[in-house]
Amino acid sequence: MGICSEEKRHLIEEVGLHLEGSHKLTPLASRIYAIMILSSEEGFSFEEIMSITQASKSSVSTNISLLVQLNYVEFYTKSGDRKRYFRGTNNYLKLTLQEYLLNIEKELQLVKKINKFNKENNPTKFVENESMGVFFQEYLTTQKENLNKTLIKMRAFQTQHKGL
């Protein structure tokens, strides 16, 4: 990672490891995405990404294509320059919250089904453990509401700042 400071390299690695686990990305895609998150709006040329990651042309190409498909990274060209430049789409936080929301919605539906099933088919167990299932359902409902409010704020902010 020749054109990065030591501090930035460590942070790229730390963020990359997190992205691998949380977004199920390949190690190289995670590092490339981390580079984009930690860089200016200008982004990087393909060759610069190869230099930073020390990865082969085909590996970088495959992983950048994946990130573009996922809408994590976009490319653009500069006037008079045939090179493509890559940068983050500024959607990282919004996409992350949308993923959390989807997972919470799925889990909430499952918890509701479990609570209903136990109430109808395991009344003793339901009475003994009702509070635990209800607490968890309330927690998930609150998380869902918070995520929705935050996503609404983010959309409003993006809409407001598009004209600037």
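**Close-up 1. Helix α2 crossing helix α4.** In this predicted model, helix α2 (residues 27–37) and helix α4 (residues 57–69) have axes that come within 9 Å and cross at roughly 70°. Angles from 65 to 115 degrees count as roughly perpendicular, and α2 and α4 are therefore roughly perpendicular to each other. Their crossing is right-handed. Look for Leu28, Ala29, Ile32 and Tyr33 on the α2 side; they meet Ser59, Val60, Asn63, Ile64, Leu66 and Leu67 of α4. Sorted by class, this contact of α2 with α4 holds eight nonpolar residues, two polar ones and no charged ones.

**Close-up 2. Helix α2 crossing helix α3.** Now follow α2 to another partner: the axes of α2 and α3 come within 11 Å and cross at roughly 115°. α2 and α3 are therefore also described as roughly perpendicular to each other, and the crossing of this pair is right-handed. Here Leu28, Ile32, Ile35 and Met36 in α2 meet Ile49, Ile52 and Thr53 in α3.

**Close-up 3. How α2 is covered.** How many of the 11 residues of α2 are buried? Nine of them are, so α2 is mostly covered, with "buried" standing for under 20% relative accessible area. You can find them one by one: Leu28, Ala29, Ser30, Arg31, Ile32, Tyr33, Ala34, Ile35 and Met36.

**Close-up 4. The largest nonpolar core.** In soluble globular proteins, nonpolar side chains tend to be buried together. Which residues touch the most other members of the largest nonpolar core? Among its 24 residues, they are Ile32, Ile49, Val60 and Leu67. Two or more residues of this core come from each of α1 (6–23), α2, α3 (46–53) and α4. The biggest contribution is from α2, which gives seven residues.

**Close-up 5. Isoleucine 49 and its contacts.** Setting aside neighbours within four places in sequence, isoleucine 49 is in contact with Ile32, Met36, Phe44, Val60, Ile64 and Phe86. You have met some of these names already: Ile32 and Met36 are among the α2 residues that meet α3, while Val60 and Ile64 are among the α4 residues that meet α2.

**Close-up 6. A second core.** Finally, visit another part of the model, where a second, separate core has eight residues. Its members include Leu101, Ile104, Val111 and Leu140.

Methods:
Residues are numbered from 1 along each chain as its sequence is written. This is a predicted model: local features need pLDDT of at least 70, side-chain atom pairs count only at pLDDT 80 or more; totals for chains, interfaces and linings use all residues. Side-chain values use heavy atoms; hydrogens and water are left out. Axes are lines fitted to C-alpha atoms, for helices over the stretch in contact, and angles run from 0 to 180 degrees between N-to-C directions. Helices (H or I, at least four residues) and strands (E, at least two) are DSSP runs, numbered from the N terminus. Angles under 35 degrees count as roughly parallel, over 145 as roughly antiparallel, 65 to 115 as roughly perpendicular and the rest as oblique. A crossing is left-handed if the near helix is turned anticlockwise from the far one by less than a right angle, and right-handed if clockwise. Contact means heavy atoms within 4.5 Å. Ala, Val, Leu, Ile, Met, Phe, Trp, Tyr, Cys and Pro count as nonpolar, Asp, Glu, Lys and Arg as charged, and the others, Gly among them, as polar. A nonpolar core is a set of buried Ala, Val, Leu, Ile, Met, Phe, Trp, Tyr and Cys residues joined through side-chain atoms within 4.5 Å. Buried means under 20% relative accessible area, exposed over 50%, partly exposed in between (1.4 Å probe, protein chains only).
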